[in-house]
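This briefing covers sheets, pockets and annotated spans in turn. Please read it alongside the model shown here.

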Amino acid sequence: MGFFKSKLKRFNRDNKQKKNENSEHELRIDELLHRCKESTDFVSYRYSESSPFYIHYYQTIVEINILHQYVLPYINENKSNTLFDLQQAIPIDNTEIIDNVHEIRDKLLTGCIVIEVKGSLQEALVISAVSLEKRPVSMPEVEYSVVGPKEAFVESIDANINLVRKRLPIPDLIVEEVKIGSLTKTRVAVLYIKGVTDEENVNTILQRLNDIQFDQIVDSSFINQIISDNHKSPFPQLIDTERPDRVASVLSEGKITILVDGSPHALTGPTTLVEFFSAFEDYYLSWHIASIFRLVRLFAVFFSVLSTSLYVAVLTYHYEMIPENLLNPLIASRSGIPFPPILEAIILELTIELLREAGARLPTKIGQTIGIVGGIVIGTAAVQAGLTSNVLLIIVALAALASFTTPVYQMGNTIRLIRFPFLITAQLWGLLGVTFCFSYILSHLLKMSSLGRPYLAPVYPLRLADLRDSLFRLPFFMQTKRPLQVRSPVRTRFQPKKHEKSKTDIED
């Protein structure tokens, strides 16, 4: 009986969907305009009593000067009653006559002027008159660099594509656009270089974007969370960047970029874990300095994650590991502290997180003041009140500073999060717990992928050729191949022998 009830419900639901589809298919222009008139910013009027033309548009998204300068004067001069003659008279390129009401609706909602003839129910002249309100190109705020370009993406997808094309003026740079979101109809552009990018990666991206079933897409972070390989992982699987130079560089390597209208950030992939600790400023410095900076960042990450948990593990279970010269200062700093090391560490870690959040949410000048003054005042007061030791305060402060060295903001948040599981396991099982937690995260990273490509490459699987630009950066003349990670059909970037020959000719 339940089987027949479920079949009947499915049959009724399918019939209801078909009725809705049929009603949408039979939508007429007059019905569409009746819906639009419920909004107060919708303008609809007849040009004059003697004119057969009716004009409709949303005044909040239309450039009104285009209407008054290039549309209304030619309607007044035009003696014909057909849309085709009016289209020929108006001196605007972006005009078309559309007989699909659904397309007319979409054009109307994206900043077009719709002109219809009285009595026409399925045809209208559509004139593009979008009001381009956008923020000018400014300096990067999240990925700021001392050397290199000072341009960052803005909220306009057309302006962002312009910034990329300016750096890659080649016809093989392909832009494929899709609209996502049943409510927002957000423009999403996929950029890649034809012949350099693996077609399988492109198809993977486009398939995942087309499979998105979500009503609103307002930022690239929505796309990042939806199309990631592993939704349960705290580790980001696509790089979020605001730098056009970085996007141009990864495109030339054979990777793919996603731009979202309304978002000043781009997504690039496939990516690896090591890339999240590589600032693009490294390529503007000599390879010696850039390699040292990368190693410093990797050391800072390990220090930020492990320092506090090692402190808790050693003081709770492994006093014998502390050197004799260091034992006396530790005992003196903890004398009179009423809390165990784990509670002391959690209090300080939470205090640091509160200061971070307060500084990030307040206006810039106030946030900087809160971060500096709050850290000094609270830290000093906590030590003087005997609630925490000065040694742990130094360790937590250094760990917080070390976490700020991560160039990509999303990975910095991940590092902040995984410090707490290490603290808990250190309290439960000491150094053995820290080892268990580290092994679990390592096994998790080994299983992860980015667009189906290994996340820990080139370390695992080991690819010696790709190590030239991973943990450290070798000179440009040694980076002759594109990474194996991207599976580019054209692996060779340039011929080093030709480069050396040209140098020799110049010297001679």
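Five strands form an open sheet in the order β6-β7-β9-β10-β8, with antiparallel pairing. Its edge strands are β6 and β8 (239-241), each of which pairs on one side only. The model is predicted: local features need pLDDT of at least 70, side-chain atom pairs count only at pLDDT 80 or more, and totals for chains, interfaces and linings use all residues. Residues are numbered from 1 along each chain as its sequence is written, and side-chain values use heavy atoms, with hydrogens and water left out.

**Sheet β6-β7-β9-β10-β8**

- Neighbouring strands of the sheet with order β6-β7-β9-β10-β8 are turned by 25 degrees against each other on average, direction ignored.
- Strands β7 and β9 (residues 256-260) pair in the antiparallel sense over four bridges; pairing requires that DSSP finds at least two bridges between two strands.
- Val190 has Ile258 in β9 as its bridge partner.
- Helix α6 packs on this sheet and touches β6, β7 and β9, its direction making about 10 degrees with that of β7. Contact means heavy atoms within 4.5 Å; axes are lines fitted to C-alpha atoms, for helices over the stretch in contact, and angles run from 0 to 180 degrees between N-to-C directions.
- Helices (H or I, at least four residues) and strands (E, at least two) are DSSP runs, numbered from the N terminus.

**Sheet β1-β2-β4-β5-β3**

- Another open sheet of five strands has the order β1-β2-β4-β5-β3, again with antiparallel pairing.
- β1 (42-46) and β3 (95-98) stand at the edges with a single partner strand each, so one side of each is left without a neighbour in the sheet.
- β3 pairs with β5 (residues 124-128) in the antiparallel sense over four bridges, and Ile97 has Leu125 in β5 as its bridge partner.
- Helix α3 (residues 64-77) lies across β1, β2 (53-58), β4 (112-117) and β5, and runs at about 175 degrees to β2.

**Largest pocket**

- The largest pocket holds about 1,500 Å³ of space. On a 1 Å grid over the protein atoms alone, a pocket is an open set of points where a 1.4 Å probe fits, with protein on both sides within 12 Å along at least five of seven lines; lining residues have an atom within 4 Å of a point. Grid points are joined across faces, edges and corners, and a volume is the space filled by probe spheres set on the points.
- Of its 42 lining residues, Arg356, Ala400, Ser403, Phe404 and Tyr409 lie nearest the centre.
- Helix α12 gives the most to this lining, with nine residues.
- The lining has 19 nonpolar, 13 polar and 10 charged residues. Ala, Val, Leu, Ile, Met, Phe, Trp, Tyr, Cys and Pro count as nonpolar, Asp, Glu, Lys and Arg as charged, and the others, Gly among them, as polar.

**Second largest pocket**

- About 1,200 Å³ of space lies in the second largest pocket.
- Its lining comprises 39 residues, of which Thr110, Gly111, Val130, Arg187 and Asp261 lie nearest the centre.
- α5 supplies the largest share of this lining, five residues.
- By class, the lining divides into 12 nonpolar, 12 polar and 15 charged residues.

**Annotated spans**

- An unreviewed UniProt entry annotates residues 295-317, 367-385, 391-409 and 421-442 as "transmembrane region"; such annotations may be inferred rather than shown by experiment.
- Residues 295-317 are 100% helix and 0% strand, with end C-alpha atoms 31 Å apart.
- Residues 421-442 are 95% helix and 0% strand, with end C-alpha atoms 14 Å apart.
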